[in-house]
Amino acid sequence: MAEIWTVLRREFVYIWYYFELQLSQIFWYWVIGMAVGSLISVFAKDRIHGLFTSMQNKKWGLLGIIPACLLGIASPLCMYGTIPIAASFRKQGMREDWLASFMMASILLNPQLIIYSAALGTKALIVRIVTCFLCGCTAGLLVFLFYRKKDFFNFEGFEARASRDTHPNLLIRYLLNLWRNIKATGLYFLAGVLLSALFQRYVPQDLMVSLFGGSRAWGVLMAATVGVPLYACGGGTIPLLQNWLAEGMSLGSASAFMITGPATKITNLGALKIVFGIRRFLLYIAYVLLFLFVSGLMINLIFA
């Protein structure tokens, strides 16, 4: 019995060491990300959405998917915040290809997640931003090509929700938003750090390289597969990715993980199935898988 307790204490010390090391490397990215995310949500969200609404008066044609995608990335809303807003945009006559770009980009990325992702290094950060941007633009292009004369979205039953950031004192308004942000992401962030520590302790580096390393299609597919059950929120996956990249994960595999996670998050899929309908929902899943596979392979070739 004493030997068992000795082993358990030793393992706890090892895991705590890795946990504390990982936390010290990434904690301030999380803090700054939340602070900036709440700042944008409270003071810039309406401006961003106003800019998107004003695009209706522009005669940009297909090129409008580019600013739509950029505004989707700048929007601080999660999926459940994006869909009601997108419903209001559609009621105002927004083009569906522009709306598709906005929604796809908003699902995949936001300012808070960009700051989190800086912990992964410059290359991984650039890869994440560029692939999410291209994924949003490509979604808009496909809607333009195949759904130009028929509706793609069905927002029936979705209405824009009233903002909770209404306190007359600006500082209190910001702090309330920040507290909601902490409650929404804090446990996932700590769970991600703990999972990273467990991987560092118990998963051999050679295994990580064989699963996710190199430029093979297998590594991209494995990363995409793992991304579905492991993804809970962006902040929770950053510690895992940081560890996996250090252990030999290729940038193409990391890109696949970063796309498949938010794009196929279970709670997101439920809402998207209602908005798309079953046929277009299946097309969405096929598009995400094809895009992450092709983009992952191309990234591996570029950074081989």
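Predicted model: local features only at pLDDT ≥ 70, side-chain atom pairs only at ≥ 80, totals over all residues.
1. Salt-bridge count. The structure holds 5 salt bridges. Three of them are taken up below, including those of Glu11 and that of Arg90.

2. Glu11 and Arg201. Their side chains meet in a salt bridge, at 2.8 Å from N to O. The pair links distant parts of the chain. Glu11 sits in helix α1 (residues 2-43), and Arg201 sits in helix α8 (residues 170-202). The two residues are 190 residues apart.

3. Glu11 and Arg10. Glu11 also meets the side chain of Arg10 in a salt bridge, here at 3.6 Å, N to O. Shared partners join Arg10, Glu11 and Arg201 into one network.

4. Glu11 has a relative accessible area of 13%, so Glu11 is buried, since the cut-off for buried is under 20%. Arg10 is partly exposed at 45%. Arg201 is partly exposed too, at 26%.

5. Arg90 and Asp151. This salt bridge has its closest N and O atoms 3.7 Å apart. Arg90 lies in helix α4 (residues 79-91) and Asp151 in the loop between α7 and α8, so the bridge ties together parts 61 residues apart in sequence. Arg90 is partly exposed, with a relative accessible area of 27%. Asp151 counts as exposed, at 51%; the cut-off for exposed is over 50%.

6. Leu125. This residue belongs to helix α7 (residues 122-146). Leaving aside residues up to four places away in sequence, Leu125 touches Ile114, Ser117 and Ala118. Leu125 and Ile114 are 11 residues apart in sequence. Their C-alpha atoms are 7.3 Å apart in space.

Note on methods. Residues numbered from 1 in each chain as written. Heavy atoms only, no water. Helix = DSSP H or I, 4+ residues; strand = E, 2+ residues; numbered from the N terminus. Contact = heavy atoms within 4.5 Å. Salt bridge = Lys/Arg side-chain N within 4 Å of Asp/Glu carboxyl O. Buried < 20%, exposed > 50% of the residue type's maximum accessible area, 1.4 Å probe, protein only.
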